[in-house]
Amino acid sequence: MSSPCDPRYAPAGDVNGALMVIDSRLKAVHDGRTGNDPEQQKLLDQLTASLDLEGVNDLLDGACTLVFIFMKWLREVHEEHDRDVMEYVVPSLVATLRMMPRSVRPEAIPTMAGLAIAAGTGLSPSLWRRQYGEWTKEEMTALEATALLLAEHINRIAGDRDYATRMIGETLSRADREARPGFDREWDEAGE
């Protein structure tokens, strides 16, 4: 029996927008800027101000898609070593979120653990969350932190600080090529 949280029923959302936010946060952390960068915050505020309700929901769905892809990758890597992703990733994620009390409210942490567990078991985090009503502001910030922490976890495993965002970029490019058959051939012919 199919679950109503099956990823094939989930909207992908604005994965590019969510990836841009996560990538810029990762770069800031790697550059040693852990506080709020006023310029980065201004750009993020401009982005969110330009979004209507549908755009905000698309960005949230995009972030959930990132969480799903990150957890899928982590699950596959852990299974290769006979390890359970729930045992090795989720407790670390929760512990790290708890160390971020100014950014992540304690009441949002169980929801983020639930999103990661849903994704780690092959369910859509977006559809799983949707069954509990509208997103809260606290959960939106926590969702960004969750996607960031999962991306950084992947980067540490891969030994490459850009691996997670590059993996998503390559996945998006491949999906775009598959959605437009013949595009590469047309592009190559036009360039000759």
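The crossing of α3 and α6 is right-handed, where a crossing counts as right-handed if the near helix is turned clockwise from the far one by less than a right angle, and left-handed if anticlockwise. The structure is a predicted model, in which local features need pLDDT of at least 70 and side-chain atom pairs count only at pLDDT 80 or more, while totals for chains, interfaces and linings use all residues. Residues are numbered from 1 along each chain as its sequence is written, and side-chain values use heavy atoms, with hydrogens and water left out. Helices (H or I, at least four residues) and strands (E, at least two) are DSSP runs, numbered from the N terminus.

On the α3 side, Val67, Phe68, Met71 and Arg75 meet Leu115, Ala116, Ala119 and Gly120 of α6, with contact meaning heavy atoms within 4.5 Å. The residues of this contact comprise six nonpolar, one polar and one charged. In this scheme Ala, Val, Leu, Ile, Met, Phe, Trp, Tyr, Cys and Pro count as nonpolar, Asp, Glu, Lys and Arg as charged, and the others, Gly among them, as polar.

The protein has ten helices and zero strands, and along the sequence it reads α-α-α-α-α-α-α-α-α-α. Of its 192 residues, 39% are buried, meaning under 20% relative accessible area, with exposed being over 50% and partly exposed in between (1.4 Å probe, protein chains only). Among contacts between residues at least 6 apart in sequence, 72% join residues at least 24 apart.

The largest nonpolar core contains 47 residues, and those with the most contacts inside it are Leu66, Phe70, Met71, Leu74 and Leu143. Such a core is a set of buried Ala, Val, Leu, Ile, Met, Phe, Trp, Tyr and Cys residues joined through side-chain atoms within 4.5 Å. Two or more residues of this core come from each of α1 (15–30), α3, α4 (85–88), α5 (90–98), α6, α7 (125–130), α8 (137–158) and α9 (163–179). Helix α3 gives the largest share, twelve residues. Beyond its neighbours within four places in sequence, Leu74 is in contact with Val85, Val89, Leu150, His153, Ile154 and Ile157.

Thr111, Met112 and Leu115 of α6 and Glu139, Ala142, Leu143 and Thr146 of α8 make the contact, which by class has four nonpolar, two polar and one charged residues. With α9, the axes of α8 come within 7 Å and cross at roughly 105°; α8 and α9 are therefore roughly perpendicular to each other. Here Ala151, Ile154, Asn155 and Ala158 of α8 meet Tyr163, Ala164 and Met167 of α9, giving six nonpolar, one polar and no charged residues.

Ala63, in helix α3, counts as buried at 11% relative accessibility. Leaving aside neighbours within four places in sequence, Ala63 touches Ala18 and Leu143. Ala63 and Ala147 are 84 residues apart in sequence, yet 6.8 Å apart in space, C-alpha to C-alpha. Thr165, placed in helix α9, is buried with a relative accessible area of 11%. Not counting residues up to four places away in sequence, Thr165 touches Leu19, Asp23 and Leu26; Thr165 and Leu26 are 139 residues apart in sequence and 9.3 Å apart in space, C-alpha to C-alpha.

Asp82 lies in the loop between α3 and α4 and is exposed, with a relative accessible area of 76%. Most residues other than glycine have a negative phi. Asp82, although not a glycine, has a positive phi of about 55°.

How values were computed: Axes fitted to C-alpha atoms, helices over the stretch in contact; angles between N-to-C directions. Parallel < 35°, antiparallel > 145°, perpendicular 65-115°, else oblique.
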